[in-house]
Amino acid sequence: MKIQFKIDLTKSQQEMLDLLEDHKYLVALMSRQQGKSTFLKLMATKWLLEPNNSILYICPTLKLARKFLKDITKVVPNQLLVTNNATDLILESITGSQLYFYSAEQGDNLRGFTCTHLLGDELAFWRNSRDFYWEVVFATFKVRGQKALFVSTPRGKNNLFYDFCEKAKAGTRNWAFIKKTIYDDSLCNNIEEIREYTPEIAWRQEFLCEFLDNTGAFFTKYIGCYKPEINFNYKEKLWCGVDLSSVGKDETVFTLINQSNQVKQFIIKGSLDEKYKQIADLFNTYNCIGYIEQNSIGEPIINEITKLVKNKSLINKWLTTNKSKSEIITQLAVALENNKLEHSELELNDQLGSFEFKISESGNMKFSGKKDDRILSLAIALEAKNKLRPYSASNFTFI
């Protein structure tokens, strides 16, 4: 029986296919919007429809593994499948080949398994990638292994994908390497728009495929937004962000941002009762809508402030999580890099300069700084400007 599929490959995909024909291992360092997932599905389908292969697909999360299986079944006709088990994540074709789907979260579940072909998707984002591969995955491939494809965007240097890229680039026997940035045969037709809305660090990693150090300054282009003197326009529509603290070295910061993206910060000092009143007075004086951080002590403080604010609907609660913080800090970085903000806050400038990121082996980016209260307050205010509807005496418009 002969099975044929007609597929139009991009230039990059054809290069990868050729390299896999000639090498046992292929490491593909690829940007977003390069068709990585499509090529992985292509190879999974090709190997599944060849006779007597045992293919292992591993990705960072089980959710992604389930999606990959679902996408494969959209390509392969049902009459070519003997088994389609979405529960155990197994496909078996009429050629006698099996395709197994796993995530790096499943760890020891792979022990005792053997495969002929291995697909490693987003390898840089596997949890504990080095230990997981060498202690578990490698054993499944070392005896019967024929072909292995590892594909990912970079995520710092402290992970297995960086190791494999260095190994493949060194010309190690049986290993091939390919690198494709967003400018190389990309499927994207709005590159400059993506560039405008992507922070410098993310752009360099995810689209230019650079392996950055695992720690470093996050805000790389912020100096141009600092102006020693600004005539802040309080008559424009106003938004605010409040980063709260009770005691200790942390500051409670109230940040205003107006329609023209001018920034003004107020440091709230004194006892808790005094802080309630100062923050409420700012809401009442400027009629600004915004978010107050509700983490930790935030909830009771917000309740007390709300009692003193005339227009209760001005106050919204903001919950800071790792995900939400990453999102608003990234949004702030983009605004700073594009010189869309203007401020005269010297302390804010100092905090921006000392704010750092760290990439863990699992691929997560964490932020730290000696002090970051002013940064977080500004980031929350910018989020308010982008998400909340302002109040004015005349028109109500979304900004």
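A: Residues 24 or more positions apart make up 73% of the protein chain's contacts (heavy atoms within 4.5 Å) with a separation of 6 or more. A caveat: this is a predicted model, where local features need pLDDT of at least 70 and side-chain atom pairs pLDDT 80 or more, while totals for chains, interfaces and linings use all residues. Numbering starts from 1 along each chain as its sequence is written, and side-chain values use heavy atoms, leaving out hydrogens and water.

For the setting, the protein chain has 12 helices and 17 strands, taken as DSSP runs (H or I, at least four residues, for helices; E, at least two, for strands), numbered from the N terminus. Its C-alpha atoms fill a box of roughly 80 × 40 × 40 Å along the principal axes. Of its 399 residues, 50% are buried, meaning under 20% relative accessible area with a 1.4 Å probe, protein chains only.

Now the sheet. It's an open one of six strands, ordered β14-β13-β10-β11-β12-β15, with mixed pairing; two strands pair if DSSP finds at least two bridges between them. β14 (315-318) and β15 (342-343) sit at the edges with a single partner strand each, so one side of each has no neighbour in the sheet. As a reminder, strands of a sheet pair through backbone hydrogen bonds, either parallel or antiparallel.
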